[in-house]
Amino acid sequence: MSSAAGVPAPATSAPRVPVYAGTRDYIAAPELMQTVNVAVQLGRPLLIKGEPGTGKTMLAQSIAEGLGLRLIAWSVKSTTKAQDGLYVYDTVQRLYDGQFGEGDVGDIKRYIKLGKLGEAFTSAERVVLLIDEIDKADLEFPNDLLWELDRMEFHIPETHETVVAVHRPIVLITSNAEKELPDAFLRRCVFHFIDFPDEAMMERIVRVHVPDLERRLLDLAVEAFYWVRSIPGLQKKPSTSELIDWVQALVGGGVDPQEVRRRLPFMGVLLKKDHDVELATAALGRRR
Amino acid sequence: MFTRFFFLLRAYGVPVTVTEWLALMRALAFGLALNDLQRFYSLARSVLVKSEAYYDQYDQAFLAAFEGIETPAVIAAEVWEWLQDPLGFPGLSDEERRRLVEELGEVDLDELRRLFEERLAEQTEAHHGGSRWIGVGGTSAFGHDGVHPGGIRVGGQGRSRTAVKVAAERRYRGYRTDVEVGTRQFELALRRLRQLSSRNEGLADELDLDETIEQTAENAGRLSLAWRKSRRNAVKVLLLMDVGGSMDPYARLCSSLFTATNRSSHFKDLRFYYFHNCVYDWLYADPGLARRTAVATNHVLHELPSDYKLIMVGDAAMATGELLSRYGIIWWGEANEEPGIEWLRRLRRHFDHSVWLNTIPADEWDRAYGAATIRIVREVFPMFELTVDGLTAAVRKLMVRY
């Protein structure tokens with residue numbers, strides 16, 4: 001094997017790929033940073049899964065900020081169709097314009113409105129495209145986007161145009177795993193599961209939101225929080241945002257730190273279901 | 001070692017494909033994670049594994065493949081070997097080989113080889129700082145193993161666990177959800193259960209182009225928009241499930257089907273009831289068959305019109321008395337005046353479309369425990385096995401027009 005018949009390779013021929021290293025307000029675990037960079041370099045969509053409150057959506061903002069790129073966010077809802085992300089043809093507007101003689105009706109292009117994906121493809125600079133909560137949509141939704149995400153292009157039959165990505169956007173997809181995603185889709189993705197933060201990480205997160213906090217109260221609250229999460233059979237485990245609310249309630253209510261352990265004051269802030277409150281109360285009883 | 005890892009992953013039940021394997025090789029050839037087994041651990045996981053449910057199996061396979069590996073330099077050697085002969089990968093099926101050839105068509109191998117050589121060369125030189133992936137962690141495994149004993153130090157953050165140790169911890173054991181396997185396939189099969197409604201229900205939210213042109217023409221050219229109601233699925237489903245006793249081994253399978261049906265938001269209506277062994281005078285809304293949730297079977301028959309599609313789920317295996325005798329019920333809370341078979345026939349007669357999904361595989365129906373009652377029930381209901389294929393066939397049966 002000889003590379004290109006004796007022609008010396010240029011010194012900097014390796015693809016210049018920006019490296020993401022986290023941002024100041026978003027502390028990404030080293031593993032996560034690495035995975036982001038793998039996805040960027042391979043040009044594959046990055047699928048992020050994790051419990052609510054593990055900062056999936058914020059990661060997209062952080063990647064955009066860290067790499068100095070614009071963020072285009074597409075929030076998926078249960079009624080969202082894959083087509084909405086590509087373009088929408090506004091027939092009604094065109095008919096009205098035809099009626100009242102406004103604008104150039106012969107120019108169909110004026111009535112083609114690009115969706116978020118179309119916007120990302122046509123952007124003059126590289127962008128970060130966030131497809132948020134993909135599992136909210138119909139079962140077929142991810143499959144319908146497969147081709148477009150793979151080839152980074154789509155066709156508009158109305159204008160006989162093909163929209164090709166000027167720059168391959170960095171695609172980030174988040175999922176809460178409400179539904180399983182199709183295999184063909186998964187094969188094309190790079191995947192990362194964000195672990196629930198450990199106690200040390202969680203204390204840092206709470207500190208960001210509640211800065212003036214007594215050390216002892218924070219320790220006890222976080223400890224109690226993980227104890228509650230460990231109760232078997234909970235229907236809905238409390239997440240980060242509930243912990244933050246709870247800590248604020250504890251501070252606001254002037255609760256004696258001793259009490260936190262003993263009787264979990266304002267338990268309703270952490271647990272939203274009767275069933276869970278009953279379980280926690282029973283577990284508390286056994287602990288005493 | 002690499003190919004062993006690939007097949008170990010499969011042996012542990014991680015569904016890896018050649019597409020993903022190729023992606024891993026490309027990433028390695030780009031020089032990502034060459035000198036650091038910890039990086040290799042998470043790189044390979046992010047490319048090969050697509051659900052946290054398989055993280056635990058991945059850890060086990062990783063452990064089996066890389067335990068005792070002193071230096072990741074072997075990884076570089078194997079990537080190099082692969083780059084020379086990507087198709088020489090042993091143990092692939094013909095189908096996989098075909099796919100690999102197809103995918104390789106999109107990869108510039110010469111370019112990859114050159115890139116890889118470049119990266120390797122950089123390794124042996126002094127480090128350039130943090131601008132490249134290799135060397136970011138300040139470790140160089142190529143010829144410098146002595147710097148960090150074991151050669152598989154964790155990058156950054158001062159954590160001192162090695163990748164193999166991380167894998168050995170099996171932190172993701174709790175995320176295994178083998179229960180969920182199959183749910184999606186069931187869901188897909190159920191999607192065929194679809195029959196579009198006529199356009200006379202619901203909101204008018206779709207532009208009717210033909211009608212718009214028609215009306216506009218009649219309106220002497222003044223635009224008049226016409227809207228119509230969009231068509232929706234009109235299929236209504238009644239699901240009756242056998243629970244307890246001989247059904248216990250199939251609880252997981254049934255729960256997959258249940259989850260899939262429940263998630264199928266496209267039905268116009270969906271009702272569930274439970275029974276034990278056979279249907280008699282009462283059905284139960286609760287899988288524990290709690291008395292307070294009992295509903296008279298006659299009431300259900302009266303309330304639900306015949307266009308509900310009936311899906312019975314059960315093994316149909318019971319003592320013949322339970323099916324054919326008065327008072328044959330083994331459930332202590334009830335006494336049946338009529339044999340169970342009469343109730344089954346009544347259900348079958350009432351609904352236009354009905355099927356029975358049997359949790360026992362079809363090839364065992366003739367010799368399984370309960371073969372006698374299975375035979376009788378099959379005379380009443382068209383029976384299919386509860387597998388993806390069986391469900392697909394059953395759905396087809398449910399959609400047949402008379």
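In the largest nonpolar core, which has 85 residues, Leu46(A) and Leu172(A) touch the most other members. Helix H2 of chain B, spanning residues 18-29, gives the most to this core, with 9 residues. A second, separate core of 52 residues is also found, and Leu190(B), Met312(B), Leu386(B) and Val395(B) are among its members. These descriptions, like those that follow, refer to a predicted model.

Leaving aside residues up to four places away in sequence, Leu172(A) touches Leu46(A), Ile48(A), Leu59(A), Ala60(A), Ile63(A), Val128(A) and Leu130(A).

Chain B can also be viewed as a whole. Its secondary structure comes to 16 helices and 9 strands. Chain B has 402 residues, of which 39% count as buried. Among the contacts in chain B with a separation of 6 or more, 72% are between residues 24 or more positions apart.

Two packed helices are described by the angle between their axes and the distance between the axes. Helix H8 (residues 199-209) and helix H10 (residues 240-252) of chain A pack at an angle of about 55 degrees, and their axes are 10 Å apart. Because of this angle, H8(A) is oblique to H10(A). The crossing in which H8(A) passes H10(A) is right-handed. On the side of H8(A), the contact is made by Ile205(A), Val206(A) and His209(A), while H10(A) brings Thr240(A), Leu243(A), Ile244(A) and Val247(A). Sorted by class, the contact of H8(A) with H10(A) has 5 nonpolar and 2 polar residues, and no charged ones.

His160(A) is not a glycine, yet has a positive phi of about 55 degrees. In chain A, His160(A) lies in the loop between strand E6 (153-156) and strand E7 (161-164). His160(A) counts as exposed because 8 other C-beta atoms lie within 10 Å, and the cut-off for exposed is 12 or fewer.

Ala316(B) likewise has a positive phi, of about 55 degrees, although it is not a glycine. The loop that holds Ala316(B) runs between strand E7 (309-314) and helix H13 (320-324) of chain B. With 30 other C-beta atoms within 10 Å, Ala316(B) is buried. Thus His160(A) is exposed, whereas Ala316(B) is buried.

Definitions and conventions:
Residues numbered from 1 in each chain as written. Chains lettered and ligands numbered in written order. Predicted model: local features only at pLDDT ≥ 70, side-chain atom pairs only at ≥ 80, totals over all residues. Helix = DSSP H or I, 4+ residues; strand = E, 2+ residues; numbered from the N terminus. Buried ≥ 20, exposed ≤ 12 C-beta atoms within 10 Å, placed from the backbone. Contact = placed C-beta atoms within 7 Å. Core = buried A, V, L, I, M, F, W, Y, C linked by C-beta atoms within 7 Å. Axes fitted to C-alpha atoms, helices over the stretch in contact; angles between N-to-C directions. Parallel < 35°, antiparallel > 145°, perpendicular 65-115°, else oblique. Left-handed = near helix turned anticlockwise from the far one by under 90°. Nonpolar A, V, L, I, M, F, W, Y, C, P; charged D, E, K, R; others polar.
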